[in-house]
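Me: I've got a model open and want to walk through it. Can you take my questions one at a time?
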Amino acid sequence: MEMLNLLKSNRSRGFLLKLLTWDLARQHLIHKIEEGLYQEYMKKDPNRFPRKVQEDKFLMVRTMIRGIDRGLKEGLISKNVWSKFINSFLSIYSKNKEKIESFVQEYGQKPPAFLTLSPTHLCNLKCEGCYANSYHQTKEALPFSISTRIIAEQKDLWSSHFTVISGGEPLIYKSEGRDIFDLFADHPDTFFLMYTNGTLIDANTAKKLAEVGNVTPAISVEGFEEETDRRRGQGVFKKILHAMENLRQEGVPFGISITAMRHNAELILSEEFIDFYFNKQGALYGWIFQYMPIGRRFTLDLQVTPQQRKWMLEKTWSYIHEQNLFLADFWNCGAVSNGCISAGKPGGYLYIDWNGNVMPCVFNPYTLDNIITIYNQGGNLNQVLLSPLFTRIREWQEKYALQGPPDKMGNILRPCVIRDHYQIMRQIIDETKAKPADEPAAQALQDKDYYVGLLAYDKELQRELDPLWEKNYLKPEKRQQAYA
């Protein structure tokens, strides 16, 4: 970690940034970082979590590092973006310990690691099953002054320098004479991950992304042309390919965001799909979002089946192991994050939408607080963490997975409180009187078939994944205890 410490020095930073564009020097640094990470995950605290959980964390972080290496080697990351990334990374790496310690003293836990912000509900597409129910006629948008204040407080109160931007379509966002690029420029020490449909990334937009340098777009795909256009509209796939070409030309690192549904689960993890987007198009990472039955015309029929989910889990991890791909499924890779990361969990996140509604998660559309109201009352971002809704979810997370010894840890391959444990989430909604953030969320609460269907799904999922969890994660811990 000596080179990371040197990067903190302004005098040596410029030289080392240039040095790290040289393959041999970077390979040496990567080797040292991976050695340090292995010690951190596998040696430092082996008794808190099952060893297999720690191994999953190490492998995922390693794929991210190797993805960055590949991006530099293949020219997919420009010098400007690389410089901005390092500066943002150093802000994350050099977290203000005093702020974090002060937070822990006041709230009894570490702060969230990031937040997700959807500054606009507006979208130029109208996709089947959109979680946000976005469309082109809505005018709902978070005031720019509120958006930039949220990010400033995130840094000041949590020492957090990573922000996810979702939507709606972020590239359409306009408020108070400012747009999304102004938000990026206002926070050069923050690195942004922006989910986008990609259709608006023309040559000029790609150039602007390269100039700000502190944002990576994650472009939504459902498969190839037929699958993507079926959900997103005719001609969208071709626009996405043009967007990726424009980003490659400017050296803006990008990834893909994949919605896994019952009809495309096998396709999106096929060798053909992975080769096309990672090797031919230059994606450096992939996020897999299993379809959640919320939002526009929600239905349980689009969910991947428990059997598909088990297959996806094994297939995803085979790519991570064998090809060093940074490919993360927010459900099947739950071991990487110690389970569900919602509700302001330490190291986790919370979600704020275009109306200022604060929610546990992008896919959990129930709320008790509004950030605009909190600001008008003299409060700040920390206040939302005290929400009974958030507190109850964090208590469940702790009890379910984190309190016991490694050999009795709850199954975090089914970590999600809103889908994998729907009965628990309904109890929390009822107890806290949380309000639905939109009409589809309200309808879901009244739909008896929805309730019964999700409970049945959860029971079947438990039958599929608990034996896998027991065999691969808990049994090795029990054997180790037996021989101790």
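Me: In which sense do E2 and strand E5 pair, and over how many bridges?
Reply: First, a caution: this is a predicted model. E2 and strand E5 (residues 191–196) pair in the parallel sense, over 4 bridges. Within that pairing, Ile 165 stands opposite Met 194 in E5.

Me: And what joins E1 to E2?
Reply: 3 bridges join strand E1 (residues 115–117) to strand E2 (residues 162–165). Those two run parallel. Leu 115 stands opposite Thr 163 in E2.

Me: How many bridges join E1 to E10?
Reply: 2 bridges, and E1 and strand E10 (residues 351–352) run parallel. Here Leu 117 stands opposite Ile 352 in E10.

Me: OK, zoom out. What is the strand order in the sheet?
Reply: The order is E9-E8-E7-E6-E5-E2-E1-E10-E11-E13. That is an open sheet of 10 strands, with mixed pairing.

Me: Which are the edge strands?
Reply: Strand E9 (327–329) and strand E13 (369–370). Each of them pairs on one side only.

Me: Which strands does H11 touch?
Reply: H11 packs on the sheet and touches E6 and strand E7 (255–260). The direction of H11 makes about 160 degrees with that of E6.

Me: Now helix on helix. How do H9 and H11 meet?
Reply: The axes of helix H9 (residues 203–212) and helix H11 (residues 236–250) come within 9 Å. They cross at roughly 40 degrees. That makes H9 oblique to H11. The crossing is right-handed.

Me: Which residues make that contact?
Reply: From H9, they are Ala 203, Ala 206, Lys 207, Leu 209 and Ala 210. H11 brings Asn 246, Leu 247 and Glu 250. By class, the contact of H9 with H11 has 5 nonpolar, 1 polar and 2 charged residues.

Me: What about H10 and H11, at what angle do they pack?
Reply: About 110 degrees, with their axes 8 Å apart. H10 and H11 are therefore roughly perpendicular to each other.

Me: Who meets whom there?
Reply: On the H10 side there are Glu 225, Thr 228, Asp 229 and Arg 232. They meet Val 236, Phe 237, Lys 238 and Ile 240 in H11. The contact of H10 with H11 has 3 nonpolar, 1 polar and 4 charged residues.

Me: Switching to aromatics. How many aromatic pairs are in the whole structure?
Reply: A search of the whole structure finds 26. One of them is Phe 224 with Tyr 277.

Me: Why does the pair of Phe 224 and Tyr 277 count as stacked?
Reply: The ring planes are at 15 degrees, so the pair is stacked, the cut-off being under 30 degrees. The ring centres are 6.3 Å apart.

Me: Where do those two sit in the chain?
Reply: Phe 224 is in the loop between strand E6 (215–221) and helix H10 (225–232). Tyr 277 is in helix H12 (residues 271–280). The pair links distant parts of the chain, 53 residues apart.

Methods
Residues numbered from 1 in each chain as written. Predicted model: local features only at pLDDT ≥ 70, side-chain atom pairs only at ≥ 80, totals over all residues. Heavy atoms only, no water. Pairing = 2+ DSSP bridges. Axes fitted to C-alpha atoms, helices over the stretch in contact; angles between N-to-C directions. Parallel < 35°, antiparallel > 145°, perpendicular 65-115°, else oblique. Left-handed = near helix turned anticlockwise from the far one by under 90°. Contact = heavy atoms within 4.5 Å. Nonpolar A, V, L, I, M, F, W, Y, C, P; charged D, E, K, R; others polar. Phe/Tyr/Trp six-rings, centres within 6.5 Å; stacked < 30°, edge-to-face > 60°.
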